Amino acid sequence: MTHPALEVADIFRDCGPTWRRANAGHVSLGQLKVMSAIENCRTAALGGHVARCQDWAYTTIAYNSCRNRHCPKCQGAAAREWMAAREAELLPVPYFHVVFTLPSAIGNIAYQNKAEIYDLLFKASAETMHTIAADPEHLGARIGITAVLHTWGSAMMHHPHVHMIVSGGGISLDGSRWVSCQPRFFLPVRVLSELFRGLMLEKLLAAHTAGKLQFFGNHAALAQRKAFAAYLAPLRRRKWHVYTKAPFGGPEAVLAYLSRYTHRVAISNSRLIAFDRKGVTFKYKDYRADGRARYKRMTLAPHEFIRRFLIHVLPKGFHRIRHFGLFAKSSCTDNIARARELLAVPKSQAQHADADAADREPATSSPCPCCGGHMVIIETFARGSTPRHRPTTAVIRIDTS
């Protein structure tokens, strides 16, 4: 297994202490915990185990993962586990990708009200999809939605938006049949955009009236109801961005696509290029450009890089992946079974595979890099402890999460 030469953890370890002192009193406990988790991930600070090959006596140390959802190194395993659980829920129908984006004016106040406004973004976008899909003039059916919140753009600036993977059809409102959408068209973007705008503004005003929003700094005056209404007024005349793509090639393509979105963090280690006296250099996409000109490099001062990374730390307990309609967890199993019945398809092979997997002995470690043989754990060690055994070569870090 190869590892990036440069990681976010390296930047945090080198510049984190100075950044914490410079921003004392302005950093949340959640942000501090994320920094600590990333710095300690897959190091002796979290403990681990020693594994030895049964055939070659090759020995390696594997340190534990922090399993923090904001850690760039922990998301691969988390995504694989999540995708395996979703496989049995996929239906043999087209799936569409729909993106709902908040205007920058709302994004600015969302940063001061993350839990409330991110939650409203989920609710308004899901309600928009369900309302238009249920309209007999468009589809007249109950659809399934998996939604993922992203709060960043490619340059790690604050840019809240929701990615949705939506079933290309649904169960009729009376439950008697499956209603398919047009082959290359799902729902009209203009109609979605207008309804989303109205619902989101309505929900923001209701939240403000209920005293659920807080405002600080340059936005402190928005605590007054009239000032807040005036702030939102221009947004009623603007076009809100709703984006749709053509359907995927099939359920397998949906899984592959989802794996790139569900457990993504503000920046992956693979995008980092250099960390030196000039700052942190990384790759990003400029969506205003076309072709190869879209792919650029950016260099930020280390403290600005850390600041941008941490503004995307989510509130404790906030769910950034949600399911609606046919895929809502409370009724997903029954809905999927009914949809399969209406589509006249057999029970998902993935469901059988999941049942078989429960009877298999779990792997203890990655295969031996020397011979591909079975590695056996011969020692576990606690946080901050030193293992008794030593690796036969340089330490190889293996994801044990």
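In this predicted model, Arg142 has Ile171 of strand E7 as its bridge partner. The strands involved are E4 (residues 141-142) and E7 (residues 169-172), which pair in the antiparallel sense over two bridges. Strand E7 also pairs with strand E8 (residues 178-180), again in the antiparallel sense, and three bridges join E7 and E8. Within that pairing, Gly170 lies opposite Val179 of E8. The hairpin formed by E7 and E8 has five residues between its strands, and Gly175 has a positive phi near 75° in this hairpin.

**The five-strand sheet**

An open sheet is built from five strands in the order E9-E3-E6-E5-E13, with antiparallel pairing. Its edges are strand E9 (242-244) and strand E13 (321-325); each has a single partner strand, so one side of each is left without a neighbour in the sheet. On average, neighbouring strands of this sheet are turned by 20° against each other, with direction ignored.

Inside the sheet, strand E3 (residues 95-101) is joined to strand E6 (residues 158-167) by seven bridges, and this pair is antiparallel. Tyr95 stands opposite Ser167, a residue of E6. Helix H5 (residues 114-134) packs on the sheet, where H5 touches E3, E6, E13 and strand E5 (144-152). The direction of H5 makes about 35° with that of E6.

**The three-strand sheet**

Another open sheet has three strands in the order E2-E1-E14, and the pairing there is antiparallel. Strand E2 (59-63) and strand E14 (375-381) are the edge strands, each pairing on one side only. From one strand to the next, the twist averages 25°. Strand E1 (residues 48-53) runs antiparallel to E2, and five bridges join E1 and E2. One of the residues in this pairing is Gly48, whose bridge partner in E2 is Tyr63.

| Strand pair | Sense | Bridges |
|---|---|---|
| E3 and E6 | antiparallel | seven bridges |
| E1 and E2 | antiparallel | five bridges |
| E7 and E8 | antiparallel | three bridges |
| E4 and E7 | antiparallel | two bridges |

Strands of a sheet are held in such pairs through backbone hydrogen bonds, and the pairing can be parallel or antiparallel.

**The second largest pocket**

The second largest pocket has a volume of about 710 Å³. Its lining consists of 24 residues, and those nearest the centre of the pocket are Ser28, Gln31, Lys114, Leu310 and Val313. Helix H2 (29-40) and helix H9 (302-310) are the elements that give two or more residues to the lining. Of the elements, H2 gives the most to this lining, with four residues. By residue class, the lining of the second largest pocket is made up of 10 nonpolar, nine polar and five charged residues.

**The chain as a whole**

The chain contains 11 helices and 14 strands. Its radius of gyration is 24 Å, close to the 21 Å given by the globule rule for 401 residues, so the chain is as compact as a globular protein of that length. Taken along the principal axes, the C-alpha atoms of the chain fill a box of roughly 70 × 60 × 45 Å.

Note on methods: Residues are numbered from 1 along each chain as its sequence is written. This is a predicted model: local features need pLDDT of at least 70, side-chain atom pairs count only at pLDDT 80 or more; totals for chains, interfaces and linings use all residues. Side-chain values use heavy atoms; hydrogens and water are left out. Two strands pair if DSSP finds at least two bridges between them. Axes are lines fitted to C-alpha atoms, for helices over the stretch in contact, and angles run from 0 to 180 degrees between N-to-C directions. Contact means heavy atoms within 4.5 Å. On a 1 Å grid over the protein atoms alone, a cavity is a set of points where a 1.4 Å probe fits but cannot get out, and a pocket is an open set with protein on both sides within 12 Å along at least five of seven lines; lining residues have an atom within 4 Å of a point. Grid points are joined across faces, edges and corners, and a volume is the space filled by probe spheres set on the points. Ala, Val, Leu, Ile, Met, Phe, Trp, Tyr, Cys and Pro count as nonpolar, Asp, Glu, Lys and Arg as charged, and the others, Gly among them, as polar. The radius of gyration is taken over C-alpha atoms; the globule rule is 2.2 Å times the number of residues to the power 0.38.
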